[in-house]
Amino acid sequence: MPVGLEAWITQIPPITRGWLALAVLTTLAVQSQMVTPLQLYFNPRSAFVSVQPWRMATTFFYFGSLSLDFVFHMFFFMRYSRMLEESSFANKRADYFWLLLQSAVMLLALSPLVNIPFLSASLAFVPIYVWSRRHPDTPISLFGIINITAPYLPIALVAFSWVLNGTWSAVVGDLAGCVVGHVVWFLRDVWAREMVGGRSVLTDPPRAL
């Protein structure tokens, strides 16, 4: 592996790096026909009745076939997951993993209601949303064309994804990620501070983590 690429990979925080690696390996496995998307998507009946529990994990690692939409989601997920892990969750790996785990459970519960078989893009929007709410005054330039502040970033990305795919049904997963992202942000940054008065089981990871 080239030294520059190896150095770049090692600079990515561990949780984001692990998620990125699993996503890339899953995509390569599908592209090389080692597995099919039908073996990876989440369906409660398949996961629980047919006893295929791995679907509860693989649904978060498959971002679709290699395409512009794949590059779009992977780029923004890695960028803002990394920034969130390096800022709010610096030296707090368990806390960040706990946030993602809570978000994943919410998305699994939400999936049958809105018919989202693959939840990778949805989960990828959670760190984007949380980062945007924790850095409300940060200016952002999207593609060097549009200048916005951080809180408007998730809305802008959903709109861009809609333009990219042409239908609102293609961005239902992104919207679900924004909803879950708002819930976890509210529980940690608003509820825990103003209603509970401090950290709680919702913000502190279990001791095992």
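Reader: In which sense do strand β1 and strand β2 pair, parallel or antiparallel?
Author: This is a predicted model, in which local features need pLDDT of at least 70 and side-chain atom pairs count only at pLDDT 80 or more, while totals for chains, interfaces and linings use all residues. Residues are numbered from 1 along each chain as its sequence is written, and side-chain values use heavy atoms, with hydrogens and water left out. Strands are DSSP runs of E with at least two residues, and helices are runs of H or I with at least four, both numbered from the N terminus. β1 covers residues 139-142 and β2 covers residues 146-149, and the two pair (DSSP finds at least two bridges between such strands) over four bridges, in a sense that is antiparallel.

Reader: At which residue does α6 bend?
Author: With its 22 residues, α6 reaches 31 Å from its first C-alpha to its last, close to the 32 Å expected at 1.5 Å a residue, where the count used is one less than the number of residues. A bend is the angle between axes fitted to the seven residues ending at a residue and the seven starting there. In α6 this angle is about 25 degrees, with the proline P112 following within four residues, and the place of the bend is L108.

Reader: How many residues does α6 give to the lining of the second largest pocket?
Author: A pocket is an open set of points on a 1 Å grid over the protein atoms alone, with protein on both sides within 12 Å along at least five of seven lines, and lining residues have an atom within 4 Å of a point. The second largest pocket holds about 320 Å³ of space, and W19, F61, F97, L100 and L123 lie nearest its centre. Its lining divides into 15 nonpolar residues, one polar and no charged. α2, α4 and α6 each give two or more residues to this lining, and the share from α6, the largest, is six.

Reader: How many charged residues are in the lining of the largest pocket?
Author: About 410 Å³ of space lies in the largest pocket, which is lined by 22 residues, with F63, D69, F118, A121 and A170 the closest to its centre. At least two residues of the lining come from each of α5, α7 and α9. Alongside 10 nonpolar and 10 polar residues, the number of charged ones is two.

Reader: How much space lies in the largest cavity?
Author: A cavity is a set of grid points where a 1.4 Å probe fits but cannot get out, and one cavity of 30 Å³ or more is counted here. The lining of the largest cavity includes F72, A121 and L157, and its residues divide into eight nonpolar, one polar and no charged. The space in this cavity is about 40 Å³.

Reader: Why does D189 count as buried?
Author: D189 has its place in helix α9, and its C-alpha atom is separated by 18 Å from that of Y152, 37 residues apart along the chain. Buried means under 20% relative accessible area, found with a 1.4 Å probe on protein chains only. D189 counts as buried because its relative accessibility is 16%.

Definitions and conventions:
Grid points are joined across faces, edges and corners, and a volume is the space filled by probe spheres set on the points. Ala, Val, Leu, Ile, Met, Phe, Trp, Tyr, Cys and Pro count as nonpolar, Asp, Glu, Lys and Arg as charged, and the others, Gly among them, as polar. Buried means under 20% relative accessible area, exposed over 50%, partly exposed in between (1.4 Å probe, protein chains only).
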